[in-house]
Amino acid sequence: MKMMHPRLSRSLIILVLLCAVPQAFGATQPLPCAEKSVVAGAVRTLEDVQSFVQCAYEFVQEVGFEEARRAFHEDERWFSGETYLFVDQLAPSGDDSLSLVFPPDPSIVGTLWGAFPSFGSDFSAELYRIATGFGSGWIYYESGNHVTGLQGRKISYIMRIDWDGYDAAIGAGIYPRDIPGTCRSEEVNAMQLEAAPSAQRLQAFVRCAALELEAKGYFATVALSSDPRWRSGSIYLLGLDRYGNALFTGDPYSHPFGGGLSELGPNLTGTFGGRDVAGVANAFGETFLYYSTRNPATGQQQRKVTFVKRVTAFGVPILLAAGYYADDLQSGSDQEGSPE
């Protein structure tokens with residue numbers, strides 16, 4: 001039998017490997033926008049928002065305008081709580097821009113938005129500028145929240161789309177509650193966190209407290225340790241140095257200042273199997289921790305999910321932390337699953 005030339009053999013091997021590359025990389029591609037793979041009720045982060053809008057865009061191409069219009073207004077997959085899709089005609093002014101999809105109030109669909117200013121320009125003008133100039137992008141503005149009834153800041157992702165003959169933009173967004181100007185006490189507080197604990201609500205609670213500490217320095221520690229907004233039942237804040245020693249705490253069973261010891265301290269190595277959790281928080285800036293400790297509201301040892309954020313106040317680094325206690329000691333996850 002005639003032997004294959006070595007150079008030809010190597011060429012065939014390379015060709016086979018190159019043909020296999022797309023399959024190998026295909027296994028790591030994002031999941032397609034199949035039914036229920038992206039749902040409004042699960043949108044939490046900006047990454048979620050972008051995926052949600054992109055899948056909605058694909059949905060329009062698959063089912064057509066009439067079915068998409070119905071689904072966006074009626075189906076829970078696309079409309080849940082504060083999360084919904086909007087479609088607006090692109091025009092340089094709201095005086096010329098028709099609302100094409102708006103689930104919170106379908107009665108305005110087909111009417112002109114009217115110009116409303118947001119951060120110095122008409123919202124529709126900014127939408128038009130981004131969509132026509134870049135095709136997609138993020139828009140930051142003030143908007144009424146139909147769930148809370150409050151005016152709030154909103155971040156939305158938009159994509160240009162041909163909507164039933166209209167040059168339009170499709171988008172969706174979230175109302176952040178942990179950036180300057182959005183940390184309202186009626187929306188972010190210890191009582192609500194205790195009543196409905198979740199990773200998302202815990203992050204907002206600690207990040208809003210961090211804004212107080214950054215703005216006021218040590219003058220904020222009294223309020224963060226004792227004010228009912230920051231302390232309720234089993235929910236409290238604690239401030240640590242970079243080594244895990246307590247600088248202040250809202251734990252009702254601990255001295256609020258100068259105690260030196262904390263549930264995240266270096267002396268409690270058994271709790272974390274010798275892991276330097278304060279060092280992790282300091283290095284990463286933000287971190288979730290999972291451990292067991294005494295619940296001050298019950299006196300019982302319970303599993304706890306804690307979020308830690310590194311804050312610099314008057315030039316001094318402080319690790320600010322708070323957590324909630326799991327009710328079901330047999331469960332292995334918090335109520336909303338892993339943090340985003």
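Reply: E187 is buried, with a relative accessible area of 15%. Buried means under 20%, exposed over 50%, and partly exposed in between (1.4 Å probe, protein chains only). This is a predicted model: local features need pLDDT of at least 70, side-chain atom pairs count only at pLDDT 80 or more, and totals for chains, interfaces and linings use all residues. Residues are numbered from 1 along each chain as its sequence is written, and side-chain values use heavy atoms, without hydrogens and water.

E187 sits in the loop between β7 (166-174) and α5 (190-195). Helices (H or I, at least four residues) and strands (E, at least two) are DSSP runs, numbered from the N terminus. Beyond its neighbours within four places in sequence, E187 is in contact (heavy atoms within 4.5 Å) with T148, L150, R177, T182 and Q192. With R177, the side chain of E187 makes a polar contact of 3.3 Å. Such a contact pairs N or O atoms within 3.5 Å; within protein, one must be able to donate a hydrogen and the other to accept it, and residues adjacent in sequence count only if both atoms are side-chain atoms.

D178 forms a salt bridge with R207, with the closest N and O atoms 3.1 Å apart. D178 lies in the loop between β7 and α5 and R207 in helix α6 (residues 199-216), so the pair ties together parts 29 residues apart in sequence. R207 is partly exposed, at 22% relative accessibility. A salt bridge puts a side-chain nitrogen of Lys or Arg within 4 Å of a carboxyl oxygen of Asp or Glu. The whole structure has 15 salt bridges.
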